Amino acid sequence: MKNLKENLTLSEAVIRVDFSEKYALKYAEEIQSLHFGGSRQQTSLHTSVIYTQHFSVGAIQPVSVCTISRCIRHDVAATWAHLIPLIQRALDINPFNTTIHFLTDSPVSQYRNKYMFYIITTIQNDFDFISRITWNYTEAGHGKGAPDGVGAVLKRTADKMVSYGRDIGN
């Protein structure tokens, strides 16, 4: 995968994705029952890093992206809802992308199942330019890749904002 990322052609993109642990919304001043997690709302963070040619820079540069949803499911439908904007973002960065290489961990409930493979076969209905998709799986678990770092930075930044008196309520 390292070799693939470093030697991308003009028409290729690598999208590395992973669900981050859910983020619990917080307020600078909370009542005691909310502080201990009784009715705290959660959001789902689907973090990613897109590697593709940037014409403005003339090189391959990573772009960190996170999609956020109130829906905390991590099933195929929810996963696909998070992936569509990532494919669109990769095409926005480089409109010549015809090949997308996905790199994910391998939980059966999210990325590695027959429903996801079916959805991949229908991708050309939404994105005419995409003619080839590869999917590469790594060992399941957290903390091994760039998307995990994106989630950590987002959560730490949000927590720091709360500590400075800002509410993160939605």
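Mentor: Happy to; here are some questions and answers on this chain. This is a predicted model, where local features need pLDDT of at least 70, side-chain atom pairs count only at pLDDT 80 or more, and totals for chains, interfaces and linings use all residues. Residues are numbered from 1 along each chain as its sequence is written, and side-chain values use heavy atoms, with hydrogens and water left out.

Trainee: In what order do the elements of the chain run from the N terminus on?

Mentor: Helices (H or I, at least four residues) and strands (E, at least two) are DSSP runs, numbered from the N terminus. The chain has six helices and six strands. From the N terminus on, the order is α-β-β-α-β-β-α-β-α-α-β-α.

Trainee: What share of the 170 residues in the chain is buried?

Mentor: Buried means under 20% relative accessible area, exposed over 50%, and partly exposed in between, with a 1.4 Å probe and protein chains only. Across the 170 residues, the buried share is 44%.

Trainee: Which residues form one aromatic cluster?

Mentor: Start with the pairs: rings of Phe, Tyr and Trp (its six-membered ring) pair if their centres lie within 6.5 Å, and planes under 30 degrees apart count as stacked, over 60 as edge-to-face and the rest as tilted. A search of the whole structure finds two aromatic pairs. Phe102 and Trp135 form a stacked one, 4.3 Å centre to centre with 20° between the planes. The cluster is made of Phe102, Trp135 and Tyr137.

Trainee: Why does the pair of Phe102 and Trp135 tie together parts that are apart in sequence, and how many residues apart are they?

Mentor: Phe102 counts as buried at 0% relative accessibility, and Trp135 counts as buried at 12%. Phe102 lies in strand β5 (residues 99–104) and Trp135 in strand β6 (residues 132–137), so the parts joined by this pair are apart in sequence by 33 residues.

Trainee: Which residues is Ser20 in contact with, leaving aside its neighbours within four places in sequence?

Mentor: Ser20 sits in the loop between β1 (12–19) and β2 (23–24), and at 9% relative accessibility Ser20 counts as buried. Contact means heavy atoms within 4.5 Å. With those neighbours left aside, the partners of Ser20 are Leu45, Thr47, His74, Gly151 and Lys155.

Trainee: How many disulfides does the structure hold?

Mentor: A disulfide is a pair of cysteine sulfur atoms within 2.5 Å. Cys66 is partly exposed at 23% relative accessibility, and Cys71 is partly exposed at 31%. The number of disulfides in the structure is zero.
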